[in-house]
Amino acid sequence: MSAPTLIVATTLPRVGVLAACAQVLRRDLRLAVRRPTQLIQPLVFFAVVTLLFPLGYTPELGKLRAIAPGVLWVAALLASMLTLDSLFREDATDGTLEQFVVSGQPLVALLAAKTLAHWLLTGLPLTLMAPILGIALGVPTAAMPGILFALGLGSITLSLIGAMGAGLTLGVRRGGVLLSLLTLPLAVPVLVFGARATELAIAGDSLTGPLYLLGALAVLGVTLAPLAAAAAVRIGLE
Amino acid sequence: MNWTWFHRLASPPHIYRIAGTLTPWFAWPAGLLIVTALYAGLVLAPPDYQQGEGFRIIYVHAPSAWLSVMVYGVMATAAAVGLIWRMKVAHAVAASCAGIGAWFTVVSLITGMLWGKPMWGTYWVWDPRLTAQLILLFLFFGYMGLRAGIDDLGRADRASAVLAIIGVINIPIIRYSVEWWNSIHQAPSVMKMDRPSMPMDMLLPLLMMLLGFTLYFAAVLLVRLRAEILRRERSAGWLKEALR
């Protein structure tokens with residue numbers, strides 16, 4: 001496999017890594033805009049799961065406010081998990097990922113661009129939607145900036161963890177459930193710190209502590225997760 | 001430096017033979033140590049001044065909890081060796097570790113719950129260590145699920161190796177986060193007494209048990225490794241020779 005890589009790499013016109021990443025990002029965003037249902041489905045899922053709690057637990061806003069951090073985070077976690085299976089699978093079956101590998105560009109960078117696209121298409125919309133659902137759970141408006149910030153930071157890490165899981169399950173034919181089994185335990189720290197930050201925001205306290213920890217997790221994820229995802233994708237394509 | 005011993009480790013027939021010879025050398029001391037430590041722990045050691053006789057479950061609980069984490073470490077190390085040096089035997093070691101580690105985790109969870117009933121009055125408390133063990137169990141399940149989900153053996157080996165390494169980086173983070181999460185939600189439990197260092201007649205059986213469990217793990221690992229090699233090399237010529 002390594003020999004053709006070299007030949008292609010020397011004959012192709014050289015494009016900078018950043019330019020290649022920008023192309024990947026633009027392609028993924030354009031594909032998503034052309035198929036808006038895939039974009040909207042996780043958001044609807046997020047809303048439905050959150051709104052089941054008032055129905056299944058209690059409509060009292062005071063009680064809902066107490067469980068709001070957990071509900072919002074678990075629902076957002078599940079919603080972003082739903083979209084993971086399609087992150088690499090289509091590109092693996094139609095050969096796009098193989099083109100990535102033989103393009104002579106670092107696979108790590110291209111996959112990082114794909115992960116960024118995933119966050120822009122799911123993590124960011126979910127974050128922006130959280131305050132609206134928060135209102136339904138009795139969350140005071142003063143807590144909204146904190147919730148936005150925590151979910152925004154946390155969902156970056158969730159996308160990165162998801163990219164590793166999606167890469168690892170490329171070789172599995174029906175990988176949906178397994179993908180969740182692999183990624184959910186790894187997402188525990190994000191859930192813990194994120195829900196805690198949200199709780200503090202609702203209580204009106206300073207949430208810098210958990211936010212720093214969420215930031216640290218995101219930095220660690222940005223540093224290591226694309227490497228692991230690239231290794232996993234290479235194995236999955238063999 | 002002479003590296004032939006390292007390269008010989010990569011040869012399945014060699015490992016198959018060595019594992020067979022070594023197994024009793026681990027199994028017998030393990031059996032002796034565990035039986036002695038059980039007698040010392042359950043009969044000779046004095047009852048705890050706070051927990052009475054109930055504390056004795058520690059002689060099974062603590063070693064299995066310790067082993068569960070260590071087995072994950074061994075598994076990830078073997079997986080990394082297999083990934084870096086493309087050593088098939090190392091992948092076989094990692095594959096044999098997963099089941100043992102999952103069982104140690106289950107044993108530590110069950111004994112932890114049984115211990116919790118007299119101490120906390122309930123089988124399950126969201127104690128940080130119990131919770132972290134539960135997540136560790138899911139990590140083992142994920143590893144085994146990924147291995148089982150990929151048909152091609154070489155790909156299954158390498159993909160699960162990457163997962164094991166990701167897990168090993170994550171375990172300390174998960175443990176820390178769970179501890180932090182617990183310290184906010186729950187007042188320090190009764191169990192968190194500052195143990196005035198264990199007296200010798202309580203500690204010694206525990207250490208013996210720990211060593212016994214570790215040797216037991218080594219023995220079971222060797223047996224399972226032989227089975228794994230048999231399965232992987234079932235069409236190889238040397239096997240006919242070895243099994244004759």
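Which residues of helix α5 (residues 85-93) of chain A are buried? Here are my notes, with the answer in point 2.

1. Ground rules. This is a predicted model, where local features need pLDDT of at least 70, side-chain atom pairs count only at pLDDT 80 or more, and totals for chains, interfaces and linings use all residues. Residues are numbered from 1 along each chain as its sequence is written, while chains are lettered from A and ligands numbered from 1 in the order in which they are written.

2. Helix α5 of chain A. Its buried residues are A:Asp85, A:Leu87, A:Phe88 and A:Asp91. Buried here means 20 or more other C-beta atoms within 10 Å of the residue's own; 12 or fewer is exposed, anything in between is partly exposed, and the C-beta atoms are placed from the backbone. The cover over these residues includes α6 (96-102), α7 (107-136), α8, α9 and α11 of chain A. After α5(A) comes A:Gly95, with a positive phi near 90 degrees. Helices are DSSP runs of H or I with at least four residues, strands are runs of E with at least two, and both are numbered from the N terminus.

3. α3 against α4 in chain A. Helix α3 (residues 36-56) and helix α4 (residues 61-82) have axes 9 Å apart and pack at about 150 degrees. The two are therefore roughly antiparallel. For the labels, under 35 degrees is roughly parallel, over 145 roughly antiparallel, 65 to 115 roughly perpendicular, and the rest oblique. The axes are lines fitted to C-alpha atoms, for helices over the stretch in contact, with angles from 0 to 180 degrees between N-to-C directions. By class, the contact has 14 nonpolar, two polar and no charged residues. Nonpolar covers Ala, Val, Leu, Ile, Met, Phe, Trp, Tyr, Cys and Pro; charged covers Asp, Glu, Lys and Arg; the others, Gly among them, are polar.

4. α7 against α8 in chain A. These two also get an angle of about 150 degrees, with axes 8 Å apart, and their crossing is right-handed. The contact includes A:His118, A:Trp119 and A:Gly123 of α7(A) and A:Leu151, A:Gly152 and A:Ser155 of α8(A).

5. Chain B overall. It comes to eight helices and zero strands. The C-alpha trace spans about 60 × 40 × 35 Å along its principal axes, and buried residues make up 39% of the 244 residues. Of the contacts between residues at least 6 apart in sequence, 79% join residues at least 24 apart; a contact needs C-beta atoms, placed from the backbone, within 7 Å.

6. α3 against α7 in chain B. The axes of helix α3 (residues 58-85) and helix α7 (residues 200-232) come within 9 Å and cross at roughly 45 degrees. That makes α3(B) oblique to α7(B). The crossing is right-handed. Among the residues that meet are B:Trp66 and B:Leu67 in α3(B), and B:Phe213 and B:Phe217 in α7(B). The contact divides into 13 nonpolar, two polar and no charged residues.

7. Two spots around α4 of chain B. B:Arg86 sits in the loop between α3 and α4 and has a positive phi of about 50 degrees although it is not a glycine. It counts as partly exposed because it has 13 C-beta neighbours inside 10 Å. B:Gly99 lies in helix α4 (residues 88-120), and its 14 C-beta neighbours inside 10 Å make it partly exposed too.

8. The core. The largest nonpolar core has 140 residues, and those touching the most other members include A:Ala76, A:Leu214, B:Met75 and B:Cys97. Such a core is a set of buried Ala, Val, Leu, Ile, Met, Phe, Trp, Tyr and Cys residues joined through C-beta atoms within 7 Å. Leaving out residues up to four places away in sequence, B:Cys97 touches B:Val71, B:Val74, B:Met75, B:Ala78 and B:Leu221.

9. The A-B contact. Chain A puts in 22 residues and chain B 25. On the chain A side, α11(A) gives the most, with six residues. By class that side has 17 nonpolar, three polar and two charged residues.

Note on methods. A crossing is left-handed if the near helix is turned anticlockwise from the far one by less than a right angle, and right-handed if clockwise. Two residues are in contact if their C-beta atoms, placed from the backbone, lie within 7 Å.
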